[in-house]
Amino acid sequence: MAYHEPVLLARSVELLSIRPDGFYADLTLGGGGHTRAILEQLGEKGCLFCLDRDEDAFANLPDDPRVTPIHANYAHLGRWLRYLEVAHLDGVLMDLGVSSHHFDEQARGFSYRLDAPLDMRMNQQGTSTAEEILATYSEEALAELFLRYGELRAAAKFARTIVSERATHPIATTSELVAVAQKAFGTAGSTPKLLGCIFQALRIEVNQELESLQRLLLQLPELVAPRGRVVVLAYHSLEDRLVKNFLRAGNFDGRLERDVYGNTQTPFRLLSKGTERAGDAEQEENSRSHSVRLRAAERTDFS
Ligand SMILES: C[S@@+](CC[C@H](N)C(=O)[O-])C[C@H]1O[C@@H](n2cnc3c(N)ncnc32)[C@H](O)[C@@H]1O
């Protein structure tokens, strides 16, 4: 089984507008599809930093002297670049979220289709597992999590059921969580849509995905060189909204700040107005591409 089929591969790399001698970062190595396509366009003096918080991804790292692997959360990008004495990057690519490998590897506990311990950590040296969250969060915190990250309308009811079920037995496996969903919602609790929302919400919390993305975005104005490019592939509206507002306005509210003359001074210039989506042919071939939203921007040159 393939580790991961890259999405919008040619278009996302085209938008990086690669300079052969430039310094680039693929912040989400995964199966290495985007990494390999970037290397094809980099010259001998070019440099590519490949990050992933999941150690498994580094089995896909091309054996290439231009590549520097970094096993880390991309939220720490600035610290790593300072350590490596790199002042600026000419482009960064982020293909957000989990890879197909995470869903396919039963033991990782990301899929409601495969019975496994409720782990869901992308970084297996990471902190809380999904099981620990279900066992320790208050009913209010669980309701908030399923409402915010899963957009589950009946989040309060689900949180109540979790708390009453865990009083009698631990909710330690994916199947046990599916059984709790069935207890809360009857037959609706078995539908892929509802289980997808529940598992997505937990995964986002376990991996603190939105916090990492915010921390990274805030560093980009300093780390990306003038005219450098930022290309982002997002797969759900929560992360896409953060990316959209930040690339447009330089903050997470999307509020444009104006100087005394009424001019806006934003750190990035958008390369297209809205998002780009995968075409019909790609959607037909690669189900991962259905929900993708691509955004790209260039670092403003104030000089
Ligand atoms: C959608 S996959 C990337 C696929 C890749 N572009 C390819 O062509 O195969 C996302 C990858 O990003 C990693 N990831 C997610 N959040 C991360 C973070 N905060 N820091 C570093 N890596 C992260 C995941 O472990 C996963 O391997």
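1. Asp64 in this predicted model is classed as buried, because its relative accessible area is 17% and the cut-off for burial is under 20%. The residue sits in a loop, the one that runs between β2 (47-52) and β3 (67-71). The side chain of Asp64 takes part in a polar contact of 2.7 Å, and its partner is the side chain of Arg66.

2. Leu210 belongs to helix α10, which covers residues 209-223. With a relative accessible area of 8%, Leu210 is buried as well, since the class takes in values under 20%. Once neighbours within four places in sequence are set aside, the contacts of Leu210 are Tyr149, Ile204, His236, Leu238, Glu239 and Leu242. Leu15 lies 195 residues from Leu210 along the chain, and the C-alpha atoms of Leu210 and Leu15 are 24 Å apart.

3. Helix α2 spans residues 33-41, and its buried residues are Gly33, His34, Thr35, Ala37, Ile38 and Leu39. Residues three or four places apart in an α-helix point the same way, because such a helix has 3.6 residues a turn. Against which elements do the buried residues of α2 pack? The partners are the helix α1 (9-16) and the strands β1 (23-26), β2, β3, β4 (89-95) and β5 (224-234).

4. As to secondary structure, the chain contains 12 helices and seven strands. Of the contacts with a separation of 6 or more, 64% are between residues 24 or more positions apart. Buried residues account for 53% of the 303 residues.

5. On overall dimensions, the radius of gyration of the chain is 20 Å; a compact globule of 303 residues would have a value near 19 Å, so the two agree. Along the principal axes, the C-alpha atoms occupy a box of roughly 65 × 50 × 40 Å.

6. The surface and the charges may be taken together. The side chains include 34 positive and 43 negative ones, and a distance of 7 Å separates the centres of the two sets.

Terms used: Residues numbered from 1 in each chain as written. Predicted model: local features only at pLDDT ≥ 70, side-chain atom pairs only at ≥ 80, totals over all residues. Heavy atoms only, no water. Helix = DSSP H or I, 4+ residues; strand = E, 2+ residues; numbered from the N terminus. Rg over C-alpha atoms; globule rule 2.2 N^0.38 Å. Buried < 20%, exposed > 50% of the residue type's maximum accessible area, 1.4 Å probe, protein only. Contact = heavy atoms within 4.5 Å. Lys, Arg positive; Asp, Glu negative; His and termini not counted. Charge placed at Lys NZ, Arg CZ, Asp CG, Glu CD. Polar contact = N/O pair within 3.5 Å; in protein donor to acceptor, adjacent residues only side chain to side chain.
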